[in-house]
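Subject: Structure handover

Hello,

Please find the structure below. My notes on salt bridges and a helix contact follow it.

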Amino acid sequence: AANPKSAANRPLPFSVKVMCASLASATSPVLLGAYVRDSLRSSAKFMDGQLGGVMQTAFNLGRYPAQPGQVMVFANRTPNATPSGAIVVGLGVVGELLPGELTQALTHGLPEYARQSALPMGQATASLNPMPDQGLPVTALLVGTGSFGLTVEVGVRCLIEAMVKANQELGQSAIKAHLSQLTIIEEMENRAICAVESLNDLRQE
């Protein structure tokens, strides 16, 4: 995997912070993953409730992302409501996800969020961010980690690499948007601490 600090074509800078909190505290769009043959539960179910059921509707129609490379951005259509949306990326079959595949999945999702945010006002996802040229914040779970997934350390590294690659892609496109802030949210204190330590290790590389 590429070293986030030594990536070619220096990306626009972004800040990173870790919060030990629930998703209810998220304000910016939340990045989360979905596996094949999985239902909307836990974090996805909570986000669906916050967004008025649009995620469940997509799931019922067979459009909900689950396969690698698939991504869907959902906006919160309630004015000034938070979180302002969700970015769902497909992760494939549970237990088969590799670090490179996770990075690729996240790198697919983040630029799509920026593209949707750059749409003219009045379009479906315009509420995600009205002025993307000023920098887009994004909130993320520790996607792809857990009992049958990757370690927290690997998940954090994949997130940072995806942010770097997404900003590189956006910098080479006509989209006047970049990712300016990443907030990692984790409810379990031990995992949040591990995420902080992983970030510190990355900064020292």
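Glu186 counts as buried at 9% relative accessibility (buried means under 20% relative accessible area, exposed over 50%, partly exposed in between, with a 1.4 Å probe and protein chains only). Its salt-bridge partner is Arg191, with the closest N and O atoms 3.2 Å apart; Arg191 is also buried, at 17%.

This is a predicted model, in which local features need pLDDT of at least 70 and side-chain atom pairs count only at pLDDT 80 or more, while totals for chains, interfaces and linings use all residues. Residues are numbered from 1 along each chain as its sequence is written, and side-chain values use heavy atoms, without hydrogens and water.

The count is four salt bridges, each a side-chain nitrogen of Lys or Arg within 4 Å of a carboxyl oxygen of Asp or Glu. Glu169 forms one with Arg115, at 3.4 Å between the closest N and O atoms. Glu169 lies in helix α4 and Arg115 in helix α3 (residues 99–117), so the pair ties together parts 54 residues apart in sequence. Glu169 is partly exposed at 35%, and Arg115 is partly exposed at 33%.

Helices are DSSP runs (H or I, at least four residues), numbered from the N terminus. The axes of α4 (residues 152–171) and α5 (residues 189–204) come within 9 Å and cross at roughly 55°; axes are lines fitted to C-alpha atoms over the stretch in contact, and angles run from 0 to 180 degrees between N-to-C directions. Contact (heavy atoms within 4.5 Å) involves residues including Val152 and Ile160 of α4 and Arg191 and Leu202 of α5.

Regards

Conventions: Helix = DSSP H or I, 4+ residues; strand = E, 2+ residues; numbered from the N terminus.
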